[in-house]
Amino acid sequence: MKRSVKFKLPEVLLVVLILISGITLGFNAGGFLINFSGVGFTVMSTLQKGFHYVSSRAEGVVQNVKDIFVMKSEYVELKEKLKDYEYLQRNNVEIRKENEMLREQLDFATSLANKNIAAQIIGRDPDSLYSAITIDKGVRSGIKKGMPVIAIQHGNVGVVGKIVTVGVGTSQIMPLYNSKCNISARIQTSRELGIVSGQGSVDIPLTMSYISKRSINELQIGDIVVTSGENGNYMRDIPIGTLSKISILDYDSSLGLELTPILDFSKLETVLVVDPAMGNDRIPLEGEE
């Protein structure tokens, strides 16, 4: 049989008092002393630190995004400025080239013994047989039909052709590569006289006829062919082209000669129309001889 344990009230009170006394002594001795203010500070400061870290990181991200937009805007602006700079550089190069070309042309025009009129090429007719070049000067500038046209290019003087049509403010040149163009010419070294003709295209060599086979030993590739000055069509000794091919034709007593024009017509921009009947009456500027 089980025995039941019964506690009397005085005994229970005694145990409670002993426990309370032990706990009180523990607190007073410092073993269970808790600094509640320190605990609260630690918790709050930790939370504050966390909030500060998160907010600073968020501000950093926002600032980085702003910096990226600013840098992109500055990049686009610098790119546009670079384009403007490159455009100005190209323009400066073009202006320098144009000035050099005009100075070269002016010096040459001044040195010519005959009156001459500078003109700009404003159009080209690429017809395979009867090619033509249009310039921006006409009757008002004193240009007449039949006048010879020459040009200077990179220091080289050469024949362009002659005026075939004249308007009030424009004229048309028959270039030397036109199939109807025939110029009395001489080979500069041998002084052989012949006729230079075009073949209808700037890409096809010129031909020179009526040069005797007997003179073949006197000819070399690269010899310069110039105007003879005969028939009054062109001034004398203006370069036309250089010998590029010498052929012996079995069926002809003459040599077959091909010429490369002195001038590069594809890059020609300005010309001089010459009046052989009039002298150059240009008055020298102050300081010129």
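This is a predicted model: local features need pLDDT of at least 70, side-chain atom pairs count only at pLDDT 80 or more; totals for chains, interfaces and linings use all residues.

**First look at the whole chain**

Next I asked how many of the residues are buried. Of the 289 residues of the protein chain, 28% count as buried.

Then I turned to secondary structure and found 2 helices and 12 strands. I read the order along the sequence as α-α-β-β-β-β-β-β-β-β-β-β-β-β.

**Entry on the aromatic pair**

I searched for aromatic pairs, and the structure holds 1. Its partners are Tyr-177 and Phe-265, placed edge-to-face, with 5.1 Å centre to centre and 85° between the planes. I then checked where the two residues sit. Tyr-177 is in the loop between strand 5 (171–175) and strand 6 (182–187), while Phe-265 is in the loop between strand 11 (255–261) and strand 12 (270–279). They are 88 residues apart, and the pair links distant parts of the chain.

Are Tyr-177 and Phe-265 buried or exposed? I found that Tyr-177 is buried, and Phe-265 is buried too.

**Entry on strand 8**

I picked strand 8, residues 206–209, and looked at its two faces. Leu-206 and Met-208 make up the covered face, and Thr-207 and Ser-209 the uncovered one.

Which strands does strand 8 join through bridges? One is strand 7 (residues 193–197), which runs antiparallel to strand 8 and is joined to it by 3 bridges. Another is strand 11, again antiparallel and again with 3 bridges.

I followed Met-208 to both sides. Towards strand 11, Met-208 stands opposite Leu-257.

**Entry on Ser-228**

I went on to Ser-228, which is found in the loop between strand 9 (224–227) and strand 10 (239–248). Why does Ser-228 count as buried? Its relative accessibility is 5%, and buried means under 20%, so Ser-228 falls in that class.

I then looked at what the side chain of Ser-228 reaches. A polar contact of 2.6 Å joins it to the side chain of Ser-184. The side chain of Ser-228 also comes to 3.2 Å from the backbone nitrogen of Glu-230.

Leaving out residues up to four places away in sequence, I listed what Ser-228 touches: Ser-184, Ala-185, Arg-186, Leu-193 and Arg-236.

**Entry on Thr-189**

My last stop was Thr-189, in the loop between strand 6 and strand 7. Is Thr-189 buried or exposed? Its relative accessible area is 53%, and exposed means over 50%, so Thr-189 is exposed.

I looked for its neighbours too. Not counting residues up to four places away in sequence, Thr-189 touches Glu-218 and Asp-223. With Asp-223 there is a side-chain to side-chain polar contact at 3.3 Å.

Finally, I checked the distance to Gln-220. The C-alpha atoms of Thr-189 and Gln-220 are separated by 9.2 Å, and these two residues are 31 residues apart along the chain.

Note on methods: Residues are numbered from 1 along each chain as its sequence is written. Side-chain values use heavy atoms; hydrogens and water are left out. Helices (H or I, at least four residues) and strands (E, at least two) are DSSP runs, numbered from the N terminus. Buried means under 20% relative accessible area, exposed over 50%, partly exposed in between (1.4 Å probe, protein chains only). A polar contact is a pair of N or O atoms within 3.5 Å; within protein, one must be able to donate a hydrogen and the other to accept it, and residues adjacent in sequence count only if both atoms are side-chain atoms. Contact means heavy atoms within 4.5 Å. Rings of Phe, Tyr and Trp (its six-membered ring) pair if their centres lie within 6.5 Å; planes under 30 degrees apart count as stacked, over 60 as edge-to-face and the rest as tilted. Two strands pair if DSSP finds at least two bridges between them.
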